Amino acid sequence: MKEAIIEILKHSQLHITENRMKILELFQQSEHALSHADIEKISGAHFDRITIYRTLQTFVEKGIIHTIPTADNSIMYALCKEECSDGHHHDDHVHFICSACGTTYCLDQVSVPSVNIPKGFSVLQTNVLINGICKNCK
């Protein structure tokens, strides 16, 4: 796993630091999206809030992770697919938020439906959030 993390950072032309490696490892080990608070909690006192914030922002800018807006206006983060790159996200999949446990999942196998918008409008990003009960809470 460590080699894969180093390769991702190199491919994104980022310096390989212990903080970046540990935060990226948290995403690779997680089956669901993580919030800033999740990373703080999981890592304990290992990172300060600013380090986590800056690392997340850098990873988003480099196409390593993507943001997922939530109903309460907070942001979750999840690993991008390989098609994402510096400044170009191609995570056209649905996100599922469990109403019971609050976990956010990327449903990579479910594509975002095409939406016809009026002339003169330009789509930058489409987010589809589905709320329901996940398979672990059923």
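**Ground rules.** I number residues from 1 along each chain as its sequence is written, and side-chain values use heavy atoms, without hydrogens and water. The model is predicted, and local features need pLDDT of at least 70, side-chain atom pairs count only at pLDDT 80 or more, and totals for chains, interfaces and linings use all residues.

I looked up strand β2 (residues 65-69) and strand β3 (residues 75-79). Strands are DSSP runs of E, at least two residues, and helices are runs of H or I, at least four, numbered from the N terminus. β2 and β3 pair in the antiparallel sense over five bridges; pairing takes at least two DSSP bridges. Ile65 stands opposite Leu79 in β3. Five residues lie between the two strands of this hairpin, and Asn73 in the turn has a positive phi of about 65°.

**Helix pair.** Next I took helix α2 (residues 18-29) and helix α4 (residues 49-61). Their axes come within 10 Å and cross at roughly 70°. Axes are lines fitted to C-alpha atoms, for helices over the stretch in contact, with angles from 0 to 180 degrees between N-to-C directions. The two helices are therefore roughly perpendicular (65 to 115 degrees).

**Open sheet.** I then read the three-stranded open sheet, with order β5-β4-β6 and mixed pairing. β5 (104-111) and β6 (129-132) each have a single partner strand, so one side of each lacks a neighbour in the sheet. β4 (residues 93-98) runs parallel to β6, joined by four bridges. His95 has Leu129 as its bridge partner in β6.

How values were computed
Parallel < 35°, antiparallel > 145°, perpendicular 65-115°, else oblique.
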